[in-house]
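This briefing is meant for someone meeting the structure for the first time.

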Amino acid sequence: MTIQEMVARLNGLVVFRGILEDPLVKRFCALLQAARDYDGDPAALTGAAGAFEAALLPRGEDWSAVLLDLLLEDDNLCIRRAASGGAGEVAETNLARELALLAQVGALTPDRLVAGLPGADTLVQQMLPAPWKAQPRDYAAAYRARCAEVSRKGFGMFARHHVFTLEEGCLTPVRYPDPQRLCELPGYERERQKVIENTRALLAGKPAANVLLYGDAGTGKSSTVKAIANEYAAEGLRLVEIKKHQLYQMPALMDELAQNPLKFILFIDDLSFAANDDNFAALKAILEGSVGGRSHNVAVYATSNRRHLVKERMSDRTGDDLHEADTRQELMSLSARFGLTVTFQQPDKARFDAILLDLARQYGLQMPADQLYLRGEAFALRAGGRSPRVAKQFVELAAAGVGV
């Protein structure tokens, strides 16, 4: 295939057209055009080669491997429909043709690029003293394997990231998510196990409940959800954090995620409402009660310090409401729509000591147990009470040599 033919066929991509916007691919196309337009002056060609290799090296030295990774993570029609029977004859035909083309593109080395150009023998050395590598690979087989694993590895940004936020109605990847792991959360194993089992059911495609993690501050409710997302990311779990003021956007988001082969937790942290909050009714409809069916691959996990989620004053019970009991039932009905409620209570002395001991081991804190318990308890009294958060703060300060 000539350089001119390769340029033309790359410009005609259909399934993988999105990769043409990648900065590295843009520089590769510019390199092809410089080779096609070569007139004996190496300046333009060597400049394009240097620009391409400068963009390539941060991703890897093997152009074939880097391009293949780009294809495997590309968000396109064929990968989106891989788990539901394929994208149709025309799309699949284009897919096969383009994979064959891109395999040739990935195998292009500097010497192959300049073959046939005047002075080709010395042109490679002028271009790049240390040229990139390009080990040939079976792109078609690799892509078939990725399609078979799409329900675990995902596609597009879902293949590169596992935690997202909602920004102006669009999912935005969190590049540096909280690295919390389940093994780093001592003291609430029984409570946490219920949430883990529900998450495993979601991953297995079984009926999974929406979950409310309720309890005292600092007991690890939010950390539990984040750690579960990290633990099961490799099995196809993704986490989307949603703020309370974004609840009205959840129906559209759930419709968008319904066709995705991955599983999603929609995470609402520190949830509570005022009695006249419009978001209250919105979340009720999302959990249960709207005309739309619930997606099989999405579950809502919320944390709150309030069991009934709605702030209520004594005056609310002494007002002029003719149907006070009905009103209270309305206020309490939201928490009842979570299929699973898990309570995280403030730890007693024995549990707090066990948490201190486990955290001291994790941080390599060398301190006699009796002294650890005594000083940890004193720190908790000054901090306002026992909690795993307080225990972690104490151990971190003690491990850093700060007097506590």
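In this predicted model, the largest nonpolar core has 79 residues, and those with the most contacts inside it are L10, F16, L32, L45, W63, L113 and L266. Helix 2 gives the most to this core, contributing eight residues. Apart from it lies another core, of 40 residues, with A227, V342, M367 and F394 among them.

**The protein as a whole**

- The secondary structure of the protein comes to 19 helices and seven strands.
- The protein has 404 residues, and 46% of them are buried.
- When contacts between residues at least 6 apart in sequence are considered, 77% of them join residues that are at least 24 apart.
- The protein exposes about 20300 Å², and carbon and sulfur atoms supply 50% of that area.

**The cavity and the residues around it**

- A search of the whole structure finds one cavity of 30 Å³ or more, and the volume of the largest cavity is about 30 Å³.
- The lining of the largest cavity is made up of L10, I19, V25, F28, W63, L67, L102 and V105, and the elements that give two or more residues to this lining are helix 2 (23-36), helix 4 (63-72) and helix 6 (89-106).
- Sorted by class, the lining of the largest cavity has eight nonpolar residues, with no polar and no charged residues.
- W63, one of the residues lining the largest cavity, is also listed among those with the most contacts inside the largest nonpolar core.
- With neighbours within four places in sequence left aside, W63 is in contact with L24, F28, F52, L56, V105, G106, L108, W132 and K133.
- L67, another lining residue of the largest cavity, is found in helix 4, and it counts as buried because its relative accessibility is 2%, where buried means under 20%.
- Leaving aside neighbours within four places in sequence, L67 is in contact with I19, L102, V105, G106 and Y139; L67 and L102 are 35 residues apart in sequence, while their C-alpha atoms are 8.2 Å apart in space.

**The largest pocket**

- About 530 Å³ of space lies in the largest pocket, which is lined by 28 residues, and the closest of these to its centre are G218, T219, G220, S223 and R389.
- At least two residues of the lining of the largest pocket come from each of helix 13 (221-231), strand 6 (298-304), helix 17 (349-363) and helix 19 (388-399).
- By class, nine nonpolar, eleven polar and eight charged residues make up the lining of the largest pocket.

**Two loop residues with positive phi**

- E168, which is not a glycine, has a positive phi of about 55°; E168 is found in the loop between strand 1 (163-167) and strand 2 (170-173).
- D270 counts as exposed because its relative accessibility is 54%.

**A strand residue and a helix residue**

- E241 is found in strand 4, which covers residues 237-241, and with a relative accessible area of 24% E241 is partly exposed.
- With neighbours within four places in sequence left aside, E241 is in contact with F164, T165, L166, Q246, F267 and D269; the C-alpha atoms of E241 and L166 are separated by 6.9 Å, although these residues are 75 residues apart along the chain.
- L372 is found in helix 18, which covers residues 369-383, and L372 is buried, with a relative accessible area of 1%.
- Not counting residues up to four places away in sequence, L372 touches L356, L357, A360, L365, M367 and F394, and two of these, M367 and F394, are among the residues of the core of 40 residues.
- L372 and L357 are 15 residues apart along the chain, and their C-alpha atoms are separated by 7.6 Å.

Note on methods:
Residues numbered from 1 in each chain as written. Predicted model: local features only at pLDDT ≥ 70, side-chain atom pairs only at ≥ 80, totals over all residues. Heavy atoms only, no water. 1 Å grid on protein atoms, 1.4 Å probe; cavity = no way out; pocket = protein on both sides within 12 Å on 5 of 7 lines; lining within 4 Å. Points joined across faces, edges and corners; volume = space filled by probe spheres on them. Helix = DSSP H or I, 4+ residues; strand = E, 2+ residues; numbered from the N terminus. Nonpolar A, V, L, I, M, F, W, Y, C, P; charged D, E, K, R; others polar. Core = buried A, V, L, I, M, F, W, Y, C linked by side-chain atoms within 4.5 Å. Buried < 20%, exposed > 50% of the residue type's maximum accessible area, 1.4 Å probe, protein only. Contact = heavy atoms within 4.5 Å. Areas by Shrake-Rupley, 256 points an atom, 1.4 Å probe, with all protein chains shown as cover.
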